[in-house]
Amino acid sequence: KSALNGAERIIEALSNAGVKQVKEVRVIKSMLIPDGEGPGGKKQRSVMNWIFLAIVIIPFAAMAITGLYILTWKSFADSYHQGRYETPEELAAIKSPPLLEEARPVRSIDIRAGLSPLLKAFMPTDAGDVSNTYASGITGMQDNGFLLFGCAGPALYLDGYLVKTNSEGDIQWQGFYGVEGKSSEYILESLELSDGSVFCMGTSGALSSIQGGQRAWFVGISPDGKELWQLHWGDGKEYPTPSSAVVNMDGHVMVAGYKQAPTTSIFILEIDGHGELRSEKEIDLKDAIGTGFIRQMKLLTGEEIILTGEKDNSGNGFKDLLAMKLSELGEPIWTQSFGSGMKETGQTVHTFDNGDILFAGKMDSLDAFTGVYLVKTDAQGNKIWEKTMGETGECSLVDILVEDDEPGMTAGNFIVLADQRSPDFMTTTLVIQEFDGHGNVLSEKKYDHSDRRHRVKDGLLFDEKLVLLGNRTWGHNDQDADMSLIEISR
């Protein structure tokens, strides 16, 4: 038992230290003092035997167990990287996770940058070392194809990653975009322009402010995946994060975003099709929202801004969902907060054709239960209704699809995608609920991941089907990840 506990501790320590393979294990053999000899007699020899056992035998036995464990895992990890699995059943379980009866998939496609020939051309390492592919979102394209975006690369430094597919999910091109050196780029949002090119925005830099922090990052991509230009903006130590973009009457892209330090500051940028910054504006909203946090923004066609986040609730330590509308000049038109006295945080905001606004986020009951919190207001910010969604355990918001973004939906209806985790956090179920404009549930479907390592990140409606983009982590301590593209009948 002691050896086993010691092995577990050593395994954890080696894993935390980044050790991936043990080259050699040496076992030291020693002669115990024969019974009846020695100055201390039998009692001292017994004590010495126990001390020797604790200091020498157990640690080296633990090291031997650790070496065998790591070598075994290394062999499995190598076979996983090379696309080999131990049994056909394991392969089937990973490739096609089981579904509940209500939501059978149409097709499922795995995209792993670590096995992509294109990746080898862009990254100066073996494909097996480049195993992290993280999904941010999916955009429907003019040719009925899809654009998947996120980041990929080795563990420390990632590049922006794009995958363009046709309507059947077949890859047409993929590419990596970023800055050479010790920098990571994350694509958070993409926008297809009228000429077929793609405007991408995200962050670039280092996670630590000591290393310069992260700046807002923009990149233009040609219709065939070639990089056209790059633009960086802002002070890295303020962590400016672009959140929403629309095309104005001049064909330029208007970008709205927020700074994570200070948390109450926002910015509005105008960028033309060549990556030139035409105008910039920064606004501090501290007087309007106090010690609140801005989590997400939506830039309207008329360049008005709706934002959400969280706002302090009367200084009692709890938070309310923040709802706010700004003019095209960045001046507050109205500010509201919604909540139930617990902790509500706004994570996303959507608008309807009639001017109504849907704010959605997280509700934390502070008793081991979290749910999705929904608030619908009119154009003036007056509450129409509010609802919570979720069961026991943890229910977290994935995405919301509304009729102004999804052609074919009934006006006023919307779909909520949420992850419901079991109380033991071992399984995750994707809950798909469609609501009417009054907040009534019209239908519900469930997609059972059966494995907590698989999480849906974004979705869209396509030809009466739901196309879901997800991440699946795998490998030792879930340190590796790939994208999954799944289509489900609506």
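Student: Which residue in β9 is the bridge partner of Ala-216?
Tutor: This is a predicted model, in which local features need pLDDT of at least 70 and side-chain atom pairs count only at pLDDT 80 or more, while totals for chains, interfaces and linings use all residues. Residues are numbered from 1 along each chain as its sequence is written, and side-chain values use heavy atoms, with hydrogens and water left out. β8 and β9 pair in the antiparallel sense over 6 bridges (two strands pair if DSSP finds at least two bridges between them; strands are DSSP runs of E, at least two residues, and helices runs of H or I, at least four, both numbered from the N terminus). The partner of Ala-216 in β9 is Trp-233.

Student: Which residue with a positive phi is found in the hairpin of β8 and β9?
Tutor: This hairpin has 5 residues between its strands. A positive phi near 95 degrees is taken by Gly-225.

Student: What is the strand order of the open sheet that contains β8 and β9?
Tutor: The edges are β6 (184–192) and β9 (227–233), each of which pairs on one side only. Neighbouring strands are turned by 20 degrees against each other on average, direction ignored (axes are lines fitted to C-alpha atoms, for helices over the stretch in contact, and angles run from 0 to 180 degrees between N-to-C directions). The 4 strands pair in the antiparallel sense, in the order β6-β7-β8-β9.

Student: How many residues lie between β12 and β13 in their hairpin?
Tutor: β12 and β13 are antiparallel and share 7 bridges, and Ile-266 stands opposite Ile-283 in β13. In the turn, Gly-275 has a positive phi of about 85 degrees. The number of residues between the two strands is 5.

Student: Why does the pair of Trp-385 and Phe-414 count as stacked?
Tutor: The structure holds 7 aromatic pairs (rings of Phe, Tyr and Trp, the last by its six-membered ring, pair if their centres lie within 6.5 Å; planes under 30 degrees apart count as stacked, over 60 as edge-to-face and the rest as tilted). Here the residues are 29 apart in the chain, Trp-385 in β21 (383–389) and Phe-414 in β23. Their ring centres are 6.2 Å apart, and the pair is stacked because the planes meet at 15 degrees.

Student: Which residue has its charged end over the ring of Phe-352?
Tutor: Phe-352 forms one aromatic cluster with Trp-385, Phe-414 and Phe-435. A charge sits over a ring if NZ of Lys or CZ of Arg is within 6 Å of the ring centre and within 35 degrees of the ring normal. At 4.7 Å from the centre of the Phe-352 ring, the charged end is that of Lys-376.

Student: Is Arg-421 buried or exposed?
Tutor: Arg-421 lies in β23 (414–421), and its C-alpha is 8.4 Å from that of Ser-396, 25 residues away in sequence. Buried means under 20% relative accessible area, exposed over 50% and partly exposed in between (1.4 Å probe, protein chains only). Because its relative accessibility is 16%, Arg-421 counts as buried.

Student: What is the relative accessible area of Lys-343?
Tutor: Lys-343 is in β18 (343–351). Leaving out residues up to four places away in sequence, Lys-343 touches Lys-319, Lys-362, Met-363 and Asp-364 (contact means heavy atoms within 4.5 Å). The C-alpha atoms of Lys-343 and Met-363, 20 residues apart along the chain, are separated by 5.8 Å. Lys-343 is partly exposed, at 34%.

Student: How many helices and strands does the protein have?
Tutor: Of its 490 residues, 48% count as buried. Among contacts with a separation of 6 or more, residues 24 or more positions apart account for 46%. The protein has 5 helices and 28 strands.
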